[in-house]
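Thanks for asking me to look this over. Here are my notes as numbered points, to read with the model open beside you.

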Amino acid sequence: MADGESDTYGPARIRRGRRVTPTPGARPVRPVRLGPRAVCALVLVTAIGIAAFGWPLLADPSSGLAHSQDAPWLFAALLPLLVAVVVATIADSGLDAKAVAMLGVLAAVGAALRPLGAGTAGLEPMFFLMVLSGRVLGPGFGFVLGSVTLFASALLTGGVGPWMPFQMLAMGWFTMGAGLLPGPDRLRGRGELLMLALYGAAAAFAYGTVTNLQGWTTIGGLGGPSSGISFHPGDPLHENLVRFLAYCAVTSLGWDLGRAVLTVVLTLTVGATVLKALRRATRRAVFDAEPVFEPPEPPEPPAGPR
């Protein structure tokens, strides 16, 4: 078998500037490992994100609920936390410029894919790429990729506003979830595609539901404060949650359905090709390469006289 053509592999080794194919039967590893420092950074940014999304549901009516006011603070906290996740991942797994380059390429491709659907009926092909990238590259890399891709696409499409940091968090969770799916080293073929398609469909609805929290608490629902789906500051949590579910069903269910269907169709039709390309790229990048320095071989003695 040619070097680097197997989907599962053990830690690669480098000897005299060339890659040595690991021996068969070596324990498979993730291309990008998630170490303890990266886990701590992800837990911290997730906790801040949950608080940012959910605090209006528990706040006092006189607190001035306006995500347009707290969005700059969330964005200011999110950027250094994203850098912290990257730094922690690099420190834990020894990633180098190749991983940063791959992050930039995938983020650029995802940002370019988002305007193709122009948001029509939720048809956003970017989501299927995020699912497959998170699956191959792991949860830590996936979280950063999702957030950076949404940030780049917002700049590209002019979608910068108080909703952007919330969308960045939601997209980061969306991509990270794909990296947490089971069987990253063993499950292949149709079974893997079906699992990714089901995850993409469920996560597409979850993404729309989570991001609705930002808009719902700001605009108060359709029909104004008197509407049965409006947000009422200070009301019991369970009553507001019932109104929120009704708000999602009325305003975004069709968009989420379009996003889910497109993600499933693209995953089942071209997912195998994209997964193969992503895995080939990560193999050739050799993220887990362990440099081994060996003394040069002694020169051969000169041939004696005949």
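1. A word on terms to begin with: contact, or touching, means heavy atoms within 4.5 Å. This is a predicted model, in which local features need pLDDT of at least 70 and side-chain atom pairs count only at pLDDT 80 or more, while totals for chains, interfaces and linings use all residues. Residues are numbered from 1 along each chain as its sequence is written, and side-chain values use heavy atoms, with hydrogens and water left out.

2. Confidence. The predictor's confidence in each residue is given as pLDDT, from 0 to 100. The protein has a mean pLDDT of 75, and 69% of its residues reach 70 or more. Please take care with residues 1-29, where pLDDT stays under 50; the model has 55 contacts beyond four places in sequence for them. Where pLDDT is low, the predicted coordinates should not be read in detail.

3. Overall layout. Helices (H or I, at least four residues) and strands (E, at least two) are DSSP runs, numbered from the N terminus. There are 9 helices and 3 strands in the protein, and their order from the N terminus on is β-β-α-α-α-α-α-α-α-α-α-β. Of the contacts with a separation of 6 or more, 78% are between residues 24 or more positions apart. Of the 306 residues, 47% are buried, where buried means under 20% relative accessible area, exposed over 50%, and partly exposed in between (1.4 Å probe, protein chains only).

4. Helix α6. This helix has 16 residues and spans 23 Å from its first C-alpha to its last, close to the 22 Å expected at 1.5 Å a residue; the expected span is 1.5 Å times one less than the number of residues. Because 16 of the 16 residues of α6 are buried, the helix is largely enclosed by the rest of the structure.

5. Aromatic pairs. In one of them, phenylalanine 53 and phenylalanine 166 have ring centres 5.2 Å apart and planes at 70 degrees, so the pair is edge-to-face. The pair links distant parts of the chain, 113 residues apart: phenylalanine 53 is in helix α1 (residues 36-58) and phenylalanine 166 in helix α6 (residues 164-179). Phenylalanine 53 is buried at 4% relative accessibility, and phenylalanine 166 is buried at 1%.

6. Ring pairs join Phe127, Phe174, Tyr199 and Tyr207 into a cluster.

7. Arginine 259 lies over the face of phenylalanine 127, at 5.0 Å from the ring centre; a charge sits over a ring if NZ of Lys or CZ of Arg is within 6 Å of the ring centre and within 35 degrees of the ring normal. The side chain of arginine 259 also makes a polar contact with the side chain of aspartate 256 (2.8 Å). A polar contact is a pair of N or O atoms within 3.5 Å; within protein, one must be able to donate a hydrogen and the other to accept it, and residues adjacent in sequence count only if both atoms are side-chain atoms. Aspartate 256 is in helix α9 (residues 253-285) and is buried, with a relative accessible area of 5%. Leaving aside residues up to four places away in sequence, aspartate 256 touches Ala204, Phe205, Gly208 and Thr209.

8. Proline 182. Is proline 182 buried or exposed? At 54% relative accessibility, proline 182 counts as exposed. Proline 182 sits in the loop between α6 and α7 (190-219) and touches Arg135 and Met195, not counting residues up to four places away in sequence.

Notes:
Rings of Phe, Tyr and Trp (its six-membered ring) pair if their centres lie within 6.5 Å; planes under 30 degrees apart count as stacked, over 60 as edge-to-face and the rest as tilted.
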